[in-house]
Amino acid sequence: MRRAHLAATAALSITAAFSTSQAQAADLTLCWAAWDPANALVELSKDFEAQSGHSMKFEFVPWPNFADRMLNELNSGGKLCDLMIGDSQWIGGSAENGHYVKLNDFFDANDITMSDFIDATVTGYSEWPKNTPNYWALPAFGDVVGWTYRKDWFEKPELQAEFKEKYGRDLGVPATLAELKDIAEFFQGREVDGKTVYGASIYTERGSEGITMGAMNALYSYGFKYENPDKPYDMEGFVNSPGAVAGLEYYKALYDCCTPPGSSNGYMSEGIDAFKSGQVALQMNFAFTWPGFESDANVGGGKTGYFVNPAGPDGEQFAQLGGQGISVVSYSSQQEAALEYIKWFAQPEVQAKWWAMGGFSCLKSVTLDPAFPQSQPYAQTFLDSMAVVKDFWAEPSYATLLQATQRRFHDYVVAGNGTAKEALDGLVRDWTETFEDDGKL
């Protein structure tokens, strides 16, 4: 009923609001990652087809191959994609290299206002340069790293009593990363419901972006900063600050103490599997996974709880931004029809339906609806998480910056090579070299 309330306006005639003058019917291809939200978008887009007369095709690529496949497509000037839902980190390179159509004039002409969207998603998914009113995408799918926990395990009286005796506080949602580690240690190797379980599933994958998307949640909340706020690309003492070092040490300690066997190369799908199979009490993952847990036979039905990435030792609290914006590809021969799709998708009625179908809308009229926090068990956690997000570099050289981070973090956290300080000192050198090559230093 709550979902129905939020989407009530979507039951009205969207056709009446869809007044774009339509050119000849076109075949549009939308490119995105292959995951559950993409399947929901296929269903949602049937309304657009019915109203516009255009036909929608979809090219979905599994996450491990998504960036390579689609960035190659853009860099080669390929014409496969008319619409691209690209990762937030792509925005700088796609803008500067001319892959995306700049949308400012289109937004102005169609009364699409960026202040109507969650501020962090506009900065993260749409703007380049950052914090300037230059828009290359419409916020399409809000996402952020958060945590799930086995609420049914936490509520077991015998575990509550044992935890209270050991730690002097109730077994519940952790307020700090230190408390999270205590909980993970408490469950590590414990028998629950006749099965040996483990503390936490966290990101450790090396090949694409996994360990970076995981470790940053600790580093941010321990005081890491990408650069001097007063001097762009000045990283010494910020990337490798004492707080950042402590944050990376924390992440390694959590990996060493409290993860299941075979956790040396895990990312989103491995976390989903670990949680659904009952291996772990805590699981780090992007919010897109949450609807699937609610409907799962093993962990749905009130067995799963959700919480924001906890605060660090000094009270700082941040979470790694995920999510994507939707852009018109500059090489498309169907740009007019692609812009029609964006106008349609931006409508409040469509955005309400998008949320109801499992998409994470970024439109404030949806997320600030009084019924939103009760619309799903994870809705309030999504709102609270989106209020504290930070994102990785969105520079045109982000892939090189990311590869260096992946290597440095994995070598220290998983392989145990060197110290956290050495890893971050090395990262400063790597990133400095990249920005020097780019002419920014």
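Biologist: What makes Tyr341 and Trp344 about one helical turn apart?

Modeller: Both belong to helix 15, residues 335-345. They are 3 residues apart there, so about one helical turn separates them. Bear in mind that this is a predicted model.

Biologist: Why is the pair of Tyr341 and Trp344 called tilted?

Modeller: Two values settle that. The ring centres of Tyr341 and Trp344 are 5.2 Å apart, and a pair needs centres within 6.5 Å. The planes stand at 55°. Stacked requires under 30 degrees and edge-to-face over 60, so this pair is tilted. As for burial, Tyr341 and Trp344 are both buried.

Biologist: Why is the pair of Phe392 and Trp431 called edge-to-face?

Modeller: Their planes make an angle of 75°. The cut-off for edge-to-face is over 60 degrees, so the label holds. The centres lie 6.0 Å apart, and the limit for a pair is 6.5 Å.

Biologist: What makes Phe392 and Trp431 a link between distant parts of the chain?

Modeller: They are 39 residues apart. Phe392 is in the loop between strand 11 (389-390) and helix 19 (398-413), while Trp431 is in helix 20 (residues 420-437). Phe392 and Trp431 are both buried.

Biologist: How many aromatic pairs does the ring rule give?

Modeller: The count is 51 aromatic pairs.

Biologist: Now charges. How do you know that Lys390 lies over the face of Phe318?

Modeller: Lys390 is 4.2 Å from the ring centre of Phe318. The distance cut-off is 6 Å, with a second condition of within 35 degrees of the ring normal. Lys390 is listed as lying over the face of Phe318. Lys252 likewise lies over the face of Tyr412, at 5.6 Å from the ring centre.

Biologist: On to the backbone. What makes Asp111 and Asp193 stand out in phi?

Modeller: Asp111 has a positive phi, near 55°, yet is not a glycine. Asp193 is not a glycine either, and its phi is about 55°. Asp111 sits in the loop between helix 6 (104-109) and helix 7. Asp193 sits in the loop between strand 5 (191-192) and strand 6 (195-196).

Biologist: Why are Asp111 and Asp193 called exposed?

Modeller: Exposed means over 50% relative accessible area. Asp111 has 68%, so it qualifies. Asp193 has 58%, so it qualifies too.

Biologist: Which peptide bond is cis?

Modeller: The one from Trp128 to Pro129, with omega near -10°. Pro129 lies in the loop between helix 7 (119-126) and strand 4 (138-150).

How values were computed:
Residues are numbered from 1 along each chain as its sequence is written. This is a predicted model: local features need pLDDT of at least 70, side-chain atom pairs count only at pLDDT 80 or more; totals for chains, interfaces and linings use all residues. Side-chain values use heavy atoms; hydrogens and water are left out. Helices (H or I, at least four residues) and strands (E, at least two) are DSSP runs, numbered from the N terminus. Buried means under 20% relative accessible area, exposed over 50%, partly exposed in between (1.4 Å probe, protein chains only).
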